[in-house]
Amino acid sequence: MDAGCSTPDLAGFVPSALECRGKVVENRCVAKDTWIIRLSCPELAREITPGQFFMVRDPRVTDPMLGRPFALLDVWKDADGNVAGVDFGYVVVGKMTKLMTTWRADDTCVLWGPLGNGFPVPDVDRLCLVAGGIGVTPFLAVTNEALGAQQYGQSGRNVPNRVKSVSLCYGARSEEHLACVDQFRDAGASVNISTDDGSYGRHGFVTDTLRELISGGDCPQAIYCCGPELMMQAVGKIAAESQIPCWLSLETPMACGFGICFSCVTRVRMDDGTTDYRRTCVEGPVFRAEKLCFS
Ligand SMILES: Cc1cc2nc3c(=O)[nH]c(=O)nc-3n(C[C@H](O)[C@H](O)[C@H](O)COP(=O)(O)OP(=O)(O)OC[C@H]3O[C@@H](n4cnc5c(N)ncnc54)[C@H](O)[C@@H]3O)c2cc1C
Ligand code: FES
């Protein structure tokens, strides 16, 4: 086990989660109010899979006291080709994310993860990823796994059939908010951008781009989506109309991240027609779209 990592005794909640020290390698602003941070934390990086997340805390402060959840952007490798850490993206919205912009190389933070279920291994020829704002970040690892560029998880998740094409429909407020576009192109995704103000790509909503893709010759066979809830609701509806299986990744605010506080519950439809609540941190954050009630 790497120095600075331990497995707390939380059997029954998230037995595979680790508490690690993450050392900042790089922390840079890549778009308006949007940063990407690279942390050295090999043990977490070797375990995590696309769509999973981790809680991040600054051990030097007591406010904020609780960790904040962030999704894996991707793992990175050292000069010897060994998986050495994680990258994640963040938008500056409040206390923790403002504090994070002050982190410099060699600062350390506390990480708790991997958490959540993540996206399923894609088993289709044509995969479509629909992202709104910072909801784009979980999809770089999804793209790299789907196109066979990287294996994730200790034993490497088995991707039975390499996906033939990955289309990213990415909506942002304006050009200055766009992040990681070149990384997606370099990874081999076909990138379709829309902006609310028309400053880049299509002028309009990401759902317009999705509808166009569906009505074109290469209709996607599965959709993964992450972004604002209204957008995800609309994407789930389009997918249902087009009979395309769809998974949505929720960004519900969380307190503990491992199942004990119930601050993150979301209402889901059960098979018998009733509804019940599920914890986004443990049973999610990724859910089949038709299961979510959105109210
Ligand atoms: C599974 C998961 C993965 C996530 N991945 C990312 C990621 O990769 N990048 C990223 O930038 N963010 C991500 N988020 C959201 C991120 O956790 C919050 O933006 C962060 O906790 C804000 O912390 P803060 O202390 O800066 O803001 P706070 O001071 O806690 O809050 C500032 C304002 O933001 C609002 N807010 C806080 N959290 C959320 C939320 N989850 N949704 C909507 N409004 C919120 C508060 O109500 C408040 O108005 C993710 C959330 C979840 C649940
Ligand atoms: S955040 Fe505590 S139960 Fe999900």
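The shell around ligand 1 draws on two domains, with at least three residues each from domain 1 (5-115) and domain 2 (126-291); domain bounds come from an automatic or database assignment. This is a predicted model, in which local features need pLDDT of at least 70 and side-chain atom pairs count only at pLDDT 80 or more, while totals for chains, interfaces and linings use all residues. Residues are numbered from 1 along each chain as its sequence is written, and chains are lettered from A and ligands numbered from 1 in the order in which they are written.

**Ligand shell**

The shell around ligand 1 holds 22 residues, of which R68, Y90, G94, M96 and T97 come nearest. A residue is near a molecule or strand if its C-beta atom, placed from the backbone, lies within 6 Å of it. At least two shell residues are supplied by each of β5 (68-71), β7 (83-91) and α2 (95-100). Helices (H or I, at least four residues) and strands (E, at least two) are DSSP runs numbered from the N terminus. By class, 14 residues of this shell are nonpolar, five polar and three charged. Here Ala, Val, Leu, Ile, Met, Phe, Trp, Tyr, Cys and Pro count as nonpolar, Asp, Glu, Lys and Arg as charged, and the others, Gly among them, as polar.

The centres of domain 1 and domain 2, taken over C-alpha atoms, are separated by 21 Å. Their contact takes 28 residues from domain 1 and 27 residues from domain 2; two residues are in contact if their C-beta atoms, placed from the backbone, lie within 7 Å. On the side of domain 1 that touches domain 2, the largest share, three residues, comes from β7. The residues of that side divide into 19 nonpolar, five polar and four charged.

The largest nonpolar core has 79 residues, and L129, V130 and L168 have the most contacts inside it. Such a core is a set of buried Ala, Val, Leu, Ile, Met, Phe, Trp, Tyr and Cys residues joined through C-beta atoms within 7 Å. A residue is buried if 20 or more other C-beta atoms lie within 10 Å of its own, exposed if 12 or fewer, and partly exposed in between, with C-beta atoms placed from the backbone. Beyond its neighbours within four places in sequence, V130 is in contact with C169, V206, L210, I223, C225 and V235.

Seven of the eight residues of strand β10 (residues 165-172) are buried. Strand β10 pairs in the parallel sense with β9 (residues 126-132) over seven bridges and with β11 (residues 190-195) over six bridges; strands pair if DSSP finds at least two bridges between them. L129 stands opposite L168 in β10, and the bridge partner of G171 in β11 is S194.

Helix α3 (residues 139-146) is largely enclosed by the rest of the structure, because eight of its eight residues are buried. Its cover includes β6 (74-77), β9, β10, α4 (181-187) and β13 (222-226).

**Backbone exceptions**

Most residues other than glycine have a negative phi, and most peptide bonds are trans. The table lists exceptions.

| Site | Feature | Value |
|---|---|---|
| G113 and P114 | cis peptide bond | omega about 0 degrees |
| G284 to P285 | cis peptide bond | omega near 10 degrees |
| D106 | positive phi | phi near 80 degrees |
| Q243 | positive phi | phi about 55 degrees |

P114 lies in strand β8. D106 is found in the loop between α2 and β8 and counts as exposed because it has 9 C-beta neighbours inside 10 Å. Q243, in the loop between α6 (229-241) and β14 (246-249), is likewise exposed, with 7 C-beta neighbours inside 10 Å.
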